[in-house]
Amino acid sequence: MIALLLRDLKLAFRAGGGFGLGLAFFLIVTVLVPFSVGPQSSLLSTIAPGILWLGALLACLLSLDRLLALDWEDGSLDLLATAPLPLESVVTIKALAHWLTTGLPLVLAAPFLGVLLNLPVPGYFWLVISLLIGTPAMSVIGTFGAALTVGLKRGGLLLSLLVLPLYVPTLIFGAEVARLGATGMETQTPLLMLAGITAATIALLPFASAAVLRINLR
Amino acid sequence: MTLTVTELAIARGGVPVLERLNFALQPGKALILRGPNGIGKTTLLRTLAGLQPPIAGRVEGAEDKIAYASHSDGIKPTLTVVENLAFWSSVFGANDIQPALDAYALNELADRNAGNLSAGQKRRLGLARMLVTGRPIWMLDEPTVSLDKNAVKMFADAVRAHLGQGGSALIATHIDLGLDGEVLDVGPNKAKPKPIDDFDGGFL
């Protein structure tokens with residue numbers, strides 16, 4: 001299992017591995033927002049938590065189509081399915097590797113991008129906390145979407161259509177935490193909901209992902 | 001451990017391709033699978049490897065014993081030859097990769113990125129993977145594609161050594177490898193696609 005994680009991390013950092021792609025996308029989207037809505041700092045600070053959450057979500061989506069498709073194309077997925085590792089742990093490790101190479105950098109970059117959008121000072125802590133709790137769910141849900149569409153030509157587009165609705169609860173409660181936090185209000189309720197959604201997806205979805213992967217490999 | 005196949009029927013894409021397959025694969029033996037293109041050799045190997053369920057019949061003695069080599073080798077182009085092999089070795093429980101490198105003369109290529117290898121060299125790397133799995137039953141799907149004469153000999157030697165250690169191999173191939181083993185001819189006479197009426201009957 002560790003070997004698979006290390007291999008996936010190594011592949012992500014090597015040439016063409018796609019590390020930094022999501023991060024660059026996140027940066028560009030955030031930089032473009034003031035151009036489109038105007039530079040009034042009061043407006044920007046109102047919408048900053050929502051924009052940062054949406055940007056992180058879309059950046060997460062960007063690298064999902066490579067998550068299992070590359071392993072499927074070169075035959076590794078067939079070989080992993082016949083290896084002693086259960087497919088459930090294969091998809092969990094894949095999701096973890098995706099989070100480490102995409103989700104975690106987004107969490108770490110978010111406060112710096114918050115400066116660009118004039119995010120209110122109390123918001124930084126809650127933005128990082130909400131993204132830290134929310135992005136693992138996005139990787140796990142995304143892995144499920146990738147397992148559903150593996151083997152399809154141009155499956156990336158279908159993947160986005162399938163996964164985006166599933167991201168809605170995470171987005172609602174995650175952005176709510178960041179928004180309430182930025183205005184200095186109580187964040188406990190949405191934070192608990194967000195944590196609950198993440199815990200449930202991590203606990204349940206790997207089984208669903210492994211099941212659809214088995215069917216798709218036939 | 002003997003692999004026993006009883007009254008096996010397999011399907012590709014929902015269409016039955018082979019029916020009533022019966023054979024046993026003893027330790028130390030190779031079984032050469034022959035038959036025209038499209039007859040279901042790959043489907044049979046995938047079914048035995050557990051990648052797809054059979055539509056009827058039983059496979060015994062296959063659980064966690066099979067190392068499967070498909071048409072594609074599962075090679076990551078941005079990893080080196082050694083990194084590719086070491087990965088599969090640790091997935092299957094950390095076997096030494098040096099014998100595998102020696103068997104397929106990959107030592108000179110050890111630090112090259114696998115993406116820069118030729119088709120035949122990639123195939124050799126894919127076949128070397130079988131040696132690091134430590135699994136007793138090899139399932140090889142057209143293993144000699146794009147191999148030169150010398151590499152075919154390396155492959156035959158590796159299979160012979162594997163058989164000598166009590167392993168067994170089921171090989172779908174169109175060429176003569178000079179191995180000691182039976183030939184299982186799967187022909188059109190064994191492939192009996194069911195009439196469509198039967199399928200409808202099943203649904204109603």
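Predicted model: local features only at pLDDT ≥ 70, side-chain atom pairs only at ≥ 80, totals over all residues.
Ground rules before the tour. Local features need pLDDT of at least 70, side-chain atom pairs count only at pLDDT 80 or more, and totals for chains, interfaces and linings use all residues. Residues are numbered from 1 along each chain as its sequence is written, chains are lettered from A and ligands numbered from 1 in the order in which they are written, and side-chain values use heavy atoms, with hydrogens and water left out.

Let me start with the interface. The size of an interface is often given as the accessible area lost when the parts come together. Chain A and chain B bury about 2,000 Å² between them. Buried area here is the accessible area, with a 1.4 Å probe, that two parts lose on being put together, summed over both. Carbon and sulfur atoms carry 62% of it. Which three residues supply more of chain A's buried area than any other three? They are A:Arg14, A:Leu79 and A:Thr82, with 29% of what chain A buries against chain B. Each chain puts residues into the contact: 23 from chain A and 23 from chain B. Contact means heavy atoms within 4.5 Å.

Now one residue that touches both chains. A:Leu4 sits in helix H1 of chain A, residues 2-13. Helices are DSSP runs of H or I, at least four residues, numbered from the N terminus. Not counting residues up to four places away in sequence, A:Leu4 touches A:Leu80, A:Leu85, A:Val90, A:Ile93 and B:Phe87. Is A:Leu4 buried or exposed? A:Leu4 is buried, because its relative accessible area is 1%. The cut-offs: buried is under 20% relative accessible area, exposed is over 50%, and partly exposed is in between, with a 1.4 Å probe and protein chains only.

Next, A:Leu23. This one is in helix H2 of chain A, residues 21-37. At 30% relative accessibility, A:Leu23 is partly exposed. Beyond its neighbours within four places in sequence, A:Leu23 contacts A:Pro105, A:Leu106 and A:Ala109. A:Val90, from the A:Leu4 list, lies 25 Å from A:Leu23, C-alpha to C-alpha, and 67 residues away in sequence.

On to helix packing. Two packed helices are described by the angle between their axes and the distance between the axes. Take H8, residues 155-182, and H9, residues 188-217, both of chain A. Their axes come within 8 Å and cross at roughly 145 degrees. Axes are lines fitted to C-alpha atoms, for helices over the stretch in contact, and angles run from 0 to 180 degrees between N-to-C directions. What hand does the crossing have? H8(A) passes H9(A) in a left-handed crossing. That term means the near helix is turned anticlockwise from the far one by less than a right angle; clockwise would be right-handed. On the H8(A) side, the contact includes A:Pro169, A:Phe173, A:Val177 and A:Leu180. On the H9(A) side, A:Pro190, A:Leu191, A:Met193, A:Leu194 and A:Ile197 take part. The contact residues divide into nine nonpolar, two polar and one charged. Nonpolar covers Ala, Val, Leu, Ile, Met, Phe, Trp, Tyr, Cys and Pro; charged covers Asp, Glu, Lys and Arg; the others, Gly among them, are polar.

Staying in chain A, look at A:Thr143 in helix H7, residues 123-149. A:Thr143 counts as buried because its relative accessibility is 1%. A polar atom of its side chain lies 2.7 Å from the backbone oxygen of A:Ser139. Leaving out neighbours within four places in sequence, A:Thr143 contacts A:Leu64, A:Leu67, A:Leu68, A:Val91, A:Ala95 and A:Ser209.

Now backbone angles. Most residues other than glycine have a negative phi, and most peptide bonds are trans. A:Asn118 has a positive phi of about 55 degrees. A:Asn118 lies in the loop between helix H6, residues 87-116, and H7 of chain A. In chain B, B:Ala105 has a positive phi of about 50 degrees. B:Ala105 is in the loop between helix H3, 98-103, and helix H4, 119-133. A:Asn118 is partly exposed at 35% relative accessibility, and B:Ala105 is partly exposed at 37%.

Last stop, B:Thr42 in helix H1 of chain B, residues 41-48. B:Thr42 contacts B:Tyr68, B:His71 and B:Asp141, leaving aside neighbours within four places in sequence. At 27% relative accessibility, B:Thr42 is partly exposed.

Terms used:
Helix = DSSP H or I, 4+ residues; strand = E, 2+ residues; numbered from the N terminus. Polar contact = N/O pair within 3.5 Å; in protein donor to acceptor, adjacent residues only side chain to side chain.
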